[in-house]
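Please read the report below alongside the sequence and the model, which are shown first.

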Amino acid sequence: MIKKILIFITIVSLMVILYISNKRPIAVEDAWRLSEEEVATLSTKANNKDAEAAFQLYLHFKTIKKDNQKALFWLEKAAALHHASAEYNLAKELENNIGDKEHYKKALYWYQKASKDGIEKAQDDIERIKKY
């Protein structure tokens with residue numbers, strides 16, 4: 001439930017920012033919709049170690065394209081580049097979608113990185129996952 005609330009808050013915040021910057025209302029799904037040109041530009045940036053570009057690609061492929069394989073690729077890249085939200089989301093993906101002991105260890109690693117990089121809620125996840 002908390003995860004859904006955080007996602008909702010993130011979406012609404014992004015919508016407000018985009019509304020203010022564009023002076024026009026936008027649909028929720030438009031927040032992460034990218035043109036082919038934008039995907040190409042962000043891909044180049046992400047491949048040149050731009051963590052935010054990689055995270056934006058993750059959001060696009062996860063929410064708009066529903067392509068989990070590409071989404072995970074960009075999420076892993078963003079996390080490896082020390083993007084705190086990517087670290088946290090990767091931990092969630094590992095914990096929730098796979099669920100074996102080895103993936104719990106990897107999830108714990110990424111929760112710890114996210115916590116160290118300023119994601120406070122990761123500490124609760126660390127305590128919970130240590131029970132596995």
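Are phenylalanine 55 and tyrosine 58 buried or exposed?

## Basis of the model

This is a predicted model, in which local features need pLDDT of at least 70 and side-chain atom pairs count only at pLDDT 80 or more, while totals for chains, interfaces and linings use all residues. Residues are numbered from 1 along each chain as its sequence is written, and side-chain values use heavy atoms, with hydrogens and water left out.

## Aromatic pairs

Both phenylalanine 55 and tyrosine 58 are buried, where buried means under 20% relative accessible area, exposed over 50%, and partly exposed in between (1.4 Å probe, protein chains only). The two residues lie in helix 3 (residues 51–64), three residues apart, about one turn of the helix; helices here are DSSP runs of H or I with at least four residues, numbered from the N terminus.

Rings of Phe, Tyr and Trp (its six-membered ring) pair if their centres lie within 6.5 Å, and planes under 30 degrees apart count as stacked, over 60 as edge-to-face and the rest as tilted. By this rule the count comes to four aromatic pairs. Among them, phenylalanine 55 and tyrosine 58 form a tilted pair, 5.5 Å centre to centre with 35 degrees between the planes, whereas tyrosine 109 and tryptophan 110 are edge-to-face, at 5.0 Å and 80 degrees. Tyrosine 109 is partly exposed, with a relative accessible area of 44%, and tryptophan 110 counts as buried at 14%.

## Helix 3 against helix 4

Residues of helix 3 that meet helix 4 (heavy atoms within 4.5 Å) include Phe55 and Tyr58, and those on the helix 4 side include Trp74 and Leu75.
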